Amino acid sequence: MAALQPTSLSKHPLSSGTPTQIFGSKVQSGDLLPTQFRFWTSFRSKTGVKLKASAEPPALTRELKGDELKGIMEMESGCDLFDNFELEVVLSFDPFLCLSRENLECYQALAKGQAPKFMVIACADSRVCPSTILGFEPGEAFMVRNVANMVPTYESGPSETNAALEFAVNSLEVENVFIIGHSCCGGIRALMSMQDKEESSSFIRSWVIVGKNAKLSTKAAASNLSFDQQCTHCEKESINNSLLNLLTYPWIEEKVKKGMLSLHGGYYDFVNCTFEKWTLDYKGSIMNGKNRVIVKDRLFWC
């Protein structure tokens, strides 16, 4: 399908101003800015606690000499990347001491169980954390992240993604499944770069082949575009391919048909700082033989 065009315009989710609802839930644009600030403040401002490497069990202490000491020093120098980890934030975090009464009650409830309204399927890419983008708080969204935010078909067999789907839909009884793609996706680029008859033992190839139909649709609809533009097109087309794949799960389709579950697609363009959201029109898609996504409730934030 062609790139989705916006039908409703709102302020960018990360900007201030009048709150804008995405799904009619508590996830609002006005709530997201504090989340961003909390993230960056905690990441940059805390100092003091650093990780140290040791070959000894933590309960044992003794004097190290010679090559033994040299080995430990070499191990420590190899852990420089961990020096920036804000372990102090983790060790000092106590929700029962530092949160408001409202949040305290929330954490006490979460200790007894979870009842999220959303399941989010997002990419493993380090640049696109769903909680940071949409401002989800603990307990609000059950999440699974994989390469290129793909959903295999029911017939494909077990995977961590459909195991998470089964738990979220059947046990947690979420009301929304939200697949979020993004710009500059390496997984989609790998998919678009693959040769049709290429032989490979790559785990990446074996996974992204899930999006083969999205690649074929992109090649058919956007063959006149540059490779980069085709990748952008496929990033969105792959989301829709995964939405269709969700309908191959009998227990998902049953709940969608009864109106108990809604399926949504989202696309975060972190280069241009925009976010798109759309919802699968089940009846419209069924009339098209389940091989083409018909969408509704499209929104665009910029």
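View 1. Across the whole structure, which is a predicted model, the search for disulfides returns a count of zero.

**View 2. The crossing of helix α8 with helix α11.** Helix α8, spanning residues 186-193, and helix α11, spanning residues 227-246, have axes that come within 9 Å and cross at roughly 110°. That angle makes α8 roughly perpendicular to α11, and the crossing in which α8 passes α11 is right-handed.

**View 3. Residues at the contact of α8 with α11.** From α8, the residues Ile188, Arg189, Leu191, Met192 and Ser193 take part, and they meet Phe227, Asp228, Gln230, Cys231, Cys234, Glu235 and Ser238 of α11. Sorted by class, this contact of α8 with α11 comprises six nonpolar, three polar and three charged residues.

**View 4. The chain as the setting for these close-ups.** The secondary structure of the chain comprises 13 helices and seven strands, while buried residues account for 39% of its 302 residues. Of the contacts in the chain with a separation of 6 or more, 65% are made by residues 24 or more positions apart.

Terms used:
Residues are numbered from 1 along each chain as its sequence is written. This is a predicted model: local features need pLDDT of at least 70, side-chain atom pairs count only at pLDDT 80 or more; totals for chains, interfaces and linings use all residues. Side-chain values use heavy atoms; hydrogens and water are left out. Axes are lines fitted to C-alpha atoms, for helices over the stretch in contact, and angles run from 0 to 180 degrees between N-to-C directions. Helices (H or I, at least four residues) and strands (E, at least two) are DSSP runs, numbered from the N terminus. Angles under 35 degrees count as roughly parallel, over 145 as roughly antiparallel, 65 to 115 as roughly perpendicular and the rest as oblique. A crossing is left-handed if the near helix is turned anticlockwise from the far one by less than a right angle, and right-handed if clockwise. Contact means heavy atoms within 4.5 Å. Ala, Val, Leu, Ile, Met, Phe, Trp, Tyr, Cys and Pro count as nonpolar, Asp, Glu, Lys and Arg as charged, and the others, Gly among them, as polar. A disulfide is a pair of cysteine sulfur atoms within 2.5 Å. Buried means under 20% relative accessible area, exposed over 50%, partly exposed in between (1.4 Å probe, protein chains only).
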